[in-house]
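Please read the points below with the coordinates open. They are written as a colleague's note and can be taken in any order.

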Amino acid sequence: SQEIKLTNINIICNDKYYQIPELSVLNYCSADLLLYHAVDYLKDQDVKIKKYDANIVVLESNGTIHNVNDRKFSDFKFKDGSIFVLVNAKEASQNEAHRILQINLRLDKTGKKSIISSIQYSPYNAKAVKKLATSQIKSYHQESKDDDEKFDYYAIYNNEVRSIKELKEYGFDAAVHNKGGIDTLFVLRVSDKAPQYCYDHTEFDDPTEWKATTEFTGCSSLDAVKKYQSKMITDWELYSKRKNFEKFKSRKALELNRIKRTLDVLTAKRNILVVVNKFMKNFTKSRYSKTAPQQLGDLAGCLNEYQKARILDNVSGSYSYPCPCKLRSGKSRWVKVQKEIVYSPPIFLFHLDRYGKRMTNTTTYNRSKSPKYHQGQKLKIKYDGNGKSYTAVIEKVNDHGMNIKYVSDKTKEYIPKNRYWDKIPSYSRNTDDSYGNCYNYGSNKFDHAIKYGNTLKFQLNETTASFYDLYGVSIHSGSTKGGHYTATIKCATDNEWYNISDSHVSKTYAQSATSHASSATILAYAQK
């Protein structure tokens, strides 16, 4: 299966918040596919959407935002972050190139828990950020006008912190605008009972910060001022031993006081950023399956996978030929593909395609080197008598073959190297040459088990089911470079089971027909 699971897909549409708890997508499709599912979900929620523009972003816990519209799911690398599908269905503002994701938070009295008030997705312009932040602060004022508790308000725009007074006086630096086309704005309400987040920007001394960052480069302003403070304290101790210390004492005391006040402001700003980042880390953190897509384990799973509907997107190139009627109407962005078995046939032939072209390195097995064996090693050996595999121990091994002893009955056997592919199920031959590579197929055989039974129940629909009996199995041993096909069949005249290998035919048991889960390539069933 090429499916992966995504959880907690956040949707913002017309300043309202929605969430898709879980979603299955194909890992070779692009994130643009999330827009299809988001719009489909919004329609189920009775949201009226005619025209819209949208962006798919990943907002990491450190405030970094990534636009992932064209990125394939298999290329997702974020660890802590939330997936947002940002939909603007307001026709009046659909021509805006840049937009702002605004999240409004309230911090409780303890200063440990942040609560979301609202989320907005708004068009960007030069005055929008300050206006949006000021508007939300006014809304907070209105909410708490009858409350005895006092609050401070802060705006965090692309990780730059501003108090309400700073916002009125300075706004935001031009350098932080238009970060990747999507900007993030947090408006935070803080109780005065949580002083670690409150500061007075007039206490901040710009010359002190400049001196500190000039002297201590390669670190944040906060760390630079801390180092600068440590240096000044050391200098104070040195000056205190001089005879003329009293002459410089008041000046040094003033300087240390400026450093402390500057450090308090920077520490409060850092604490505010920590709160926002912690909120983002815990808020509906999106997850996706980081391992290879799940391998199918039985015939029923293969049947379900075969008939499952697929939504493919044009952005990733997962489909090459858009529907002509959709192309004319400009709606060929996605296509739904589904195969269905619409009736119960008298004969079912299932081809288990074990030689699929390499999609990714994680979904197939690229065996470029032959395994090395050593004395005392345990491994499964196929017994010629019944075709079953039993545990054996290698007693001796060289370049020509190996001597093994079966654990169960202590019998011994010599296996020449040219029969490893047939006798050792885990063995694969070297495929480094051009023939073995098979024009990008390589030794690319899927040999994990697909379980099947002597009987099959095929559920055509909710009310109709048909039953089938297994009457033949085609088996492949070896790799794509070289191997051998055999068959196990049920004779129609005597109802006995037989193993067929080239011109050799031998009677076997019914159970042996279902013992080839890792090597069966064709399964033949007849309707009862």
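The points run from confidence and overall make-up to single contacts.

1. Confidence. The model is predicted. The chain has an average pLDDT of 80, and 82% of its residues reach at least 70. Two stretches need separate mention. Over residues 358-370 pLDDT stays under 50, and the model has 36 contacts beyond four places in sequence for them. Residues 429-442 also stay under 50, with 33 such contacts. Where pLDDT is low, the predicted coordinates should not be read in detail.

2. Overall make-up. The chain has 528 residues, of which 43% are buried. Its secondary structure amounts to ten helices and 24 strands. Among contacts with a separation of 6 or more, 65% are between residues 24 or more positions apart.

3. Hairpin of β6 and β7. Strand β6 (residues 99-107) and strand β7 (residues 114-123) run antiparallel and are joined by nine bridges. L107 has S114 in β7 as its bridge partner. Six residues lie between the two strands, and in this hairpin G111 takes a positive phi near 75°.

4. Nonpolar surface patch. Which residues form the nonpolar patch on the surface? The patch consists of I347, L349, Y471 and I522, which together have about 350 Å² of accessible area. L349 belongs to strand β14 (residues 347-351). With a relative accessible area of 57%, L349 is exposed, since the cut-off for that class is over 50%.

5. S519. This residue sits in the loop between β23 (504-508) and β24 (520-527). Is S519 buried or exposed? At a relative accessible area of 15%, S519 is buried, because the limit for that class is under 20%. Leaving aside residues up to four places away in sequence, S519 touches R354, S474, I475 and H476.

6. Twelve salt bridges are found in the whole structure. One of them pairs K5 with E22, with the closest N and O atoms 3.8 Å apart. K5 is in strand β1 (residues 3-13) and E22 in strand β2 (residues 16-26), so the pair ties together parts that are 17 residues apart in sequence. Both ends are partly exposed: K5 has a relative accessible area of 46%, and E22 one of 47%.

7. Buried salt bridge. E166 and K269 meet through their side chains in a salt bridge, at 3.3 Å from N to O. E166 lies in helix α3 (residues 164-169) and K269 in helix α6 (residues 245-282), so this pair ties together parts that are 103 residues apart in sequence. E166 counts as buried at 7% relative accessibility, and K269 counts as buried at 17%.

8. K231 forms a salt bridge with E215, and the closest N and O atoms are 2.4 Å apart. K231 is in helix α5 (residues 221-239) and E215 in helix α4 (residues 206-215), and the pair links distant parts of the chain, 16 residues apart. K231 counts as partly exposed at 31% relative accessibility, and E215 is partly exposed at 37%.

Key
Residues are numbered from 1 along each chain as its sequence is written. Side-chain values use heavy atoms; hydrogens and water are left out. pLDDT is the predictor's confidence in each residue, from 0 to 100. Contact means heavy atoms within 4.5 Å. Patches are made of residues with over 30% relative accessible area and no salt bridge: like charges are joined within 9 Å, nonpolar side chains (Val, Leu, Ile, Met, Phe, Trp, Tyr) within 5 Å. Accessible areas come from the Shrake-Rupley method with a 1.4 Å probe; for residues, only the protein chains shown count as cover. A salt bridge is a side-chain nitrogen of Lys or Arg within 4 Å of a carboxyl oxygen of Asp or Glu. Helices (H or I, at least four residues) and strands (E, at least two) are DSSP runs, numbered from the N terminus. Buried means under 20% relative accessible area, exposed over 50%, partly exposed in between (1.4 Å probe, protein chains only). Two strands pair if DSSP finds at least two bridges between them.
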